[in-house]
Amino acid sequence: DGRRFLVTGGAGYVGSHLVLTLVERGAEVVVMDDLRQGHRGAVPPGVELVQDSIADRRRLAEVFAAWKFDAVFHFAALSLVGESMRDPLRYCSENLSNSLAVADAAVKAGCLRFVLSSTAALFGNPKVVPIPEEAELAPTNAYGDSKLMVEKALGWADQVHGLRSACLRYFNAAGADPQGRIGEDHEPETHLVPLAIGAALGTRPPLTVFGTDYPTPDGTCIRDYVHVLDLADAHIRVLDRLEQASVRYNIGNGTGYSVKQVIEAVERISGRPVPHGFGPRRAGDPAMLVASSARLRQETGWAPRFAALDDIVRTAWDWHSRHPKGYDDRG
Ligand code: UFG
């Protein structure tokens, strides 16, 4: 489409699915990723990979000087809720300072369109479900709060520098490219869908269900699983909105599934049992997070193509069963 974008964290799980979508739509993409979590194999051929940390402000300035970007998509961050409750100061400082480094470099280079990978963890234990975009923000974990701090700083950057931002609060990203080119590969892996699939495949230990005494119908946590390619599509749609003003959107399917229902879906799709046991609650986990993406749908025309849990799980299963060790770049 003739536009050029910078994607930080573009070798990671959600970022790489956006990069692939952008390239397929004819955009030019530069990825900045230190490959601490990301994978070289997740970056499509022909896409420039700058293998440096966004904490390096001098390098950021060089990247913004070398290419003129129409917008920056900022994914690179620490993103594990559990880890954030063991090391909250690292989460708050690293996520805030690195995001502000990217925003500052963008402002200085005159690139005034910024899309932030934000999170449903901003909402804590919501009062209204599905959670509307204007719901109160009250994170119950340091990860969520670190993203809230970034969102607030972006508000000031808009007021003072005219940096237009879209803060996209993802619910639970899941699934993989249906053509099997890229997928989910975290180390350590903490996410439910890949852990349940790994347990079914025998490549991971039996799953532990965290908490069976939540105030939900079957006692396990309820989440809104949204396909990574639907997330990617939303990122591209919001760019038009940024021509008018900064925006904040939820991205989710609007339907919640319990941990037990996810296990059952993996069993249905794989045709195998998911070995599992039951354990205590995990710190910082809200009982139920389900999105209302009403504003995103109305204002951008977005609608999920993978609305059904089984369709999401099927694309994840296809990738993991073909790549039981994930990307081959790990020794
Ligand atoms: N779960 C288990 N056992 C496991 C792993 C997860 O029972 O071994 C449960 C969790 O307790 C939770 C659900 O499965 O109830 C989903 O857990 P994930 O770790 O897959 O995802 P989270 O909901 O904790 O977090 C995800 C993203 C966060 C984001 C959050 C917002 O990883 O970045 O969604 O909803 F903040």
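Strands S1 (residues 4-8) and S2 (residues 28-32) pair in the parallel sense through five bridges. Strands here are DSSP runs of E with at least two residues, helices are runs of H or I with at least four residues, and both are numbered from the N terminus. Two strands count as paired if DSSP finds at least two bridges between them. Within this pair, Val7 stands opposite Val31 in S2. Four of the five residues of S1 are buried, so the strand is largely enclosed by the rest of the structure. Buried means under 20% relative accessible area, exposed means over 50%, and partly exposed lies in between, with a 1.4 Å probe and protein chains only.

The model is predicted: local features need pLDDT of at least 70 and side-chain atom pairs pLDDT 80 or more, while totals for chains, interfaces and linings use all residues. Residues are numbered from 1 along each chain as its sequence is written, and side-chain values use heavy atoms, with hydrogens and water left out.

A further sheet is open and has three strands in the order S12-S9-S14, with mixed pairing. S12 (257-258) and S14 (288-289) are at the edges with a single partner strand each, so one side of each has no neighbour in the sheet. Strand S9 (residues 222-223) runs parallel to S14 and is joined to it by two bridges. Ile222 stands opposite Met288 in S14. In general, strands of a sheet pair through backbone hydrogen bonds, either parallel or antiparallel.

The ligand has 21 residues around it, and Thr119, Thr208, Arg223, Arg282 and Asp285 come nearest. A residue is near a molecule if one of its heavy atoms lies within 4 Å of it.

| Residue | N or O atom in | Distance to a ligand oxygen atom |
|---|---|---|
| His191 | side chain | 2.8 Å |
| Phe210 | backbone | 2.8 Å |
| Asp285 | side chain | 2.6 Å |

The protein covers 93% of the 680 Å² of accessible area that the ligand has on its own. Such areas come from the Shrake-Rupley method with a 1.4 Å probe.

Helix H6 (192-201) and strand S8 (207-210) each supply at least two residues of the shell around the ligand. S8 gives the largest share, four residues. The shell divides into twelve nonpolar, six polar and three charged residues. Domain 1 (4-171 + 227-251) and domain 2 (192-223 + 255-322) both contribute to the shell, so the ligand lies between them. The domain bounds come from an automatic or database domain assignment.

Definitions and conventions. A polar contact is a pair of N or O atoms within 3.5 Å; within protein, one must be able to donate a hydrogen and the other to accept it, and residues adjacent in sequence count only if both atoms are side-chain atoms. Ala, Val, Leu, Ile, Met, Phe, Trp, Tyr, Cys and Pro count as nonpolar, Asp, Glu, Lys and Arg as charged, and the others, Gly among them, as polar.
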